[in-house]
Amino acid sequence: MPAEGSGPGRSLDSASRPFVGHDDVETYFNLCSELLCLVDAQGRFVRVNPAWTATLGMDCRQMVGRQFIEWVHPDDIAASQEAFAELLRGRRIEGFENRYRHASGDWRWLAWQAVCGDDKQIYASARDVTGQHTLQRKLGDETNYLEAILAAMPDALFIKDAEGRYTHVNKAFCEHAGMPRDEIIGRRVAELWSTEAATESDRRDKELVARGGAQQYELRLQSTSASGEPRTVAVNKSVVRDAQGRIAGIIGIARDITDNIVRDRQARQRDRLLAIAAVAARDLMRTRNIEDAITRVLESIRHVSGV
């Protein structure tokens, strides 16, 4: 008995589905930008839509009656055959990717969705994702290049999120910290070191995230070297913003300037000693009491050198 409101001879199910005629299917098949195909149980193309011509640069009619495997990249044949076998066993395929040969000899990456029908034919659609793979490869190359640069940097580089947790550190940072990267990532500076310098750095991180901009300051750190001598580092930090302009974290570089400070101190001491020597030479030329002049020079030298 027909359901109320349904037309004569139409069930509730058929009435609830939009009617699609044969001409509609043909139009969709021919105009669809995705690669549509019908493949028999032996792996031969039965039908392909015109989108194949645009993607592979060849007349799609040449594919009908031929094995799909003829176009598959040699390195992808085994995986493609296994996916085809899975389809014949009734498994639905979604997201499987392989490479198909273009008429130019290049390869196009295709991402597949496919199912096996009751007639043991494969109904499939594919999208050309070559651009995504090219972009991923480019990003991978650039990432490797950047990682190599960061690893070669003598300065300690670090990146933190807005909560002050380390998200990236380079090789020099790990060496200065005296611990491996996996013990640093995800933790705050105050969780790694219970020192005045760590407390000061954490305080400055919070201040920078709150105010934005950049910071430059010096920190005196406990050394992880065998000598145990404290080290002084010059820190430069700046906020990192996301696409919406919000502060997403901090990037910074810490440079060990201890040797520079020592050299500057030694240079200043040398200049003062040279000045004393010049004065002493002048006094020796003027005085008759050479012993007294030498005594005054030695006292000045002891004062400058701290002996």
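Before I start, please keep in mind that the model is predicted.

I'll begin with the salt bridges. The count comes to 21 salt bridges, and I will go through some of them.

Take Arg255 and Asp155, whose side chains meet in a salt bridge at 2.7 Å, N to O. Arg255 sits in strand β10, residues 247-256, while Asp155 belongs to the loop between α5 and β6, so this pair ties together parts that are 100 residues apart in sequence. Are the two partners buried or exposed? Arg255 has a relative accessible area of 46%, so it is partly exposed. Asp155 is at 12% relative accessibility and counts as buried, because the cut-off for buried is under 20%.

Glu200 and Arg204 form a salt bridge through their side chains, at 2.8 Å from N to O. Both residues are in helix α8, residues 196-211, and they are four residues apart, about one turn of the helix. Glu200 is partly exposed, with 23% relative accessible area.

There is also a network: salt bridges link Glu82, Glu86, Arg89 and Arg91.

The side chains of Arg92 and Glu94 meet in a salt bridge, 2.8 Å from N to O. Glu94 has a relative accessible area of 55% and is exposed. Arg92, at 48%, is partly exposed.

Now the pocket. Arg92 is one of the residues that line the second largest pocket. That pocket has a volume of about 200 Å³. Which elements give two or more residues to its lining? They are β1 (35-39), β4 (107-116) and β5 (122-128). Besides Arg92, the lining includes Phe29, Leu36, Cys37, Leu38 and Arg47. Gln113, Ala114 and Val115 also line the pocket, as do Tyr123, Ala124 and Ser125. By type, the lining residues divide into eight nonpolar, two polar and two charged.

Last, the surface. Tyr145, Leu146 and Ile149 make up a nonpolar patch there, and together they have about 330 Å² of accessible area. Tyr145 is placed in helix α5, residues 130-152. Why does Tyr145 count as exposed? Its relative accessibility is 61%, and the cut-off for exposed is over 50%, so Tyr145 falls in that class.

That is what I have for today.

Terms used
Residues numbered from 1 in each chain as written. Predicted model: local features only at pLDDT ≥ 70, side-chain atom pairs only at ≥ 80, totals over all residues. Heavy atoms only, no water. Patch = residues over 30% accessible without salt bridge, like charges linked within 9 Å, V, L, I, M, F, W, Y side chains within 5 Å. Areas by Shrake-Rupley, 256 points an atom, 1.4 Å probe, with all protein chains shown as cover. Salt bridge = Lys/Arg side-chain N within 4 Å of Asp/Glu carboxyl O. Buried < 20%, exposed > 50% of the residue type's maximum accessible area, 1.4 Å probe, protein only. 1 Å grid on protein atoms, 1.4 Å probe; cavity = no way out; pocket = protein on both sides within 12 Å on 5 of 7 lines; lining within 4 Å. Points joined across faces, edges and corners; volume = space filled by probe spheres on them. Nonpolar A, V, L, I, M, F, W, Y, C, P; charged D, E, K, R; others polar.
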